[in-house]
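Biologist: I would like to learn how to read a sheet, a helix and a loop. Please take one feature at a time.

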Amino acid sequence: MVQINEALKIIRDQQVQVKTEIRELSDCLGYSLSKEISAPFDMPAFDNSAMDGYALCGISREFKIIGEVAAGDESRIRLREGEAARIFTGAKVPENSSAVMMQEKTTVSGNKLFLEQPPKQGQSIRKKGEELKKGEVVFEKGYTITPAGIGMIGSLGIAKVEVFKKPVIHLITTGNELVKPGIQKKEGQIYESNSYALHSACEDFGFSCKEKKQIQDDFEAIKSGIKDSLETTDILILSGGISVGDYDFVKQALEENGVQEQFYKVFQKPGKPLYFGRKENKFVFALPGNPASSLSCFYIYVLPLLYKLSGSVKKGVDRLNLPIAKDYENKSDRPSFLKANIQNGFVEILDGQGSSMIKSMALGNALVFIDATTSVKKGEDVDCYLIS
Ligand code: AMP
Ligand code: MG
């Protein structure tokens, strides 16, 4: 049995090899950069107008309009003192422009332009290089690409991006009692829900499960299911069968497949019977079958490894210290991850903390860490793991 911090450190300290690939820009969401990206040119590349209006030369309230520049035009106009050019957002400002005045604050009569106020020097001109200078690093290696990141990389004219590959994930659920939703269950059976929750949790963070298998509590079947998966996967996630019951065959099946235990059992609630192992460059998590346990173990332990295996600098779910809405006493002798809801800046610990109870997790948005036999007073800060 290990403590939570030891378990997390064991995961963090794993040596991993992550391969790279070149991907189309539009297909890079959630991938992490395998090398930094620097600006190939100044951004913006030329002084341009932030408004639809008039480019002006001089500080006055009256100008002579001498031409027009639209977005995309290769402006050849050169303004002299007292002259203006009609201009549109994003258009290159004419040479000698000292400011742009938005059209709402102007009136035009023939070729004469009148302003409500004289312009301020540089007003509404986006200066060449004001966002980025050529050669400046925009994104470091390990940056995980967001939609805005895709926009930024595109604006630099880059169409193909070198990223780390994402890990191949397999999911195996075990249990004789399990039937798939949609099928009529018999007395004593329950619906298999962990594969759905775990698969979606992977997707929520930009990962996907390549294969899902449901296996009975049969030692040979579990052993051969693990063997097959280990051939093609980077990370195998199992659910159920890792506790100490007579039908819990997962640990032995892993051992017989040559998987080496990195830790087994974590002093925590929920999720005590959590197993983490490795065989060469393949990693295995065997999560407890109870639905809330397996999903909290995913957020706290599996996700950090997924990020590591995808070359991301991210370490796990986002965390925040926030004040608790009511006094709370953790009576458990184990440090606990409690299902909670953050609303209006306060954290409420929800009813229904049992390991099998996933409703509270579904209605909440956080897991809150509270140490063993610890009382927290209303208003005191607690460590929140933001799960949605
Ligand atoms: P186990 O870890 O196999 O002893 O399972 C612990 C509890 O979780 C039992 O009540 C199981 O019925 C339940 N359980 C196990 N696997 C699943 C699953 N895939 N979906 C829903 N419940 C499960
Ligand atoms: Mg079981």
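Modeller: What follows goes through these features in turn, in a model that is predicted.

Biologist: What is the order of the strands in the open sheet?

Modeller: Strands of a sheet pair through backbone hydrogen bonds, either parallel or antiparallel. Here 6 strands form an open sheet with mixed pairing, and the order is β16-β13-β17-β20-β19-β18. At the edges are β16 (209-215) and β18 (260-264), each of which pairs on one side only. On average, neighbouring strands are turned by 15 degrees against each other, direction ignored.

Biologist: In which sense do β13 and β17 pair, parallel or antiparallel?

Modeller: Parallel: β13 (residues 169-174) and β17 (residues 235-239) share 5 bridges. Within this pair, I172 has L238 of β17 as its bridge partner.

Biologist: Which strands does helix α1 touch?

Modeller: Helix α1 (residues 4-12) packs on the sheet and touches β18, β19 (275-279) and β20 (282-287). Helix α3 (residues 194-204) lies across β13, β16, β17 and β20, at about 160 degrees to β13.

Biologist: Why is helix α6 described as largely enclosed by the rest of the structure?

Modeller: Buried means under 20% relative accessible area. In α6, 18 of the 19 residues are buried, so the helix is largely enclosed by the rest of the structure. Helix α6 (residues 291-309) also has a kink of about 45 degrees, centred on F298.

Biologist: Where does P181 lie?

Modeller: P181 is in the loop between β14 (178-179) and β15 (190-191). Its relative accessible area is 43%, so P181 counts as partly exposed. Beyond its neighbours within four places in sequence, P181 is in contact with Y191, E192 and Y196.

Methods:
Residues are numbered from 1 along each chain as its sequence is written. Chains are lettered from A and ligands numbered from 1 in the order in which they are written. This is a predicted model: local features need pLDDT of at least 70, side-chain atom pairs count only at pLDDT 80 or more; totals for chains, interfaces and linings use all residues. Side-chain values use heavy atoms; hydrogens and water are left out. Helices (H or I, at least four residues) and strands (E, at least two) are DSSP runs, numbered from the N terminus. Buried means under 20% relative accessible area, exposed over 50%, partly exposed in between (1.4 Å probe, protein chains only). Contact means heavy atoms within 4.5 Å. The bend at a residue is the angle between axes fitted to the seven residues ending there and the seven starting there. Two strands pair if DSSP finds at least two bridges between them. Axes are lines fitted to C-alpha atoms, for helices over the stretch in contact, and angles run from 0 to 180 degrees between N-to-C directions.
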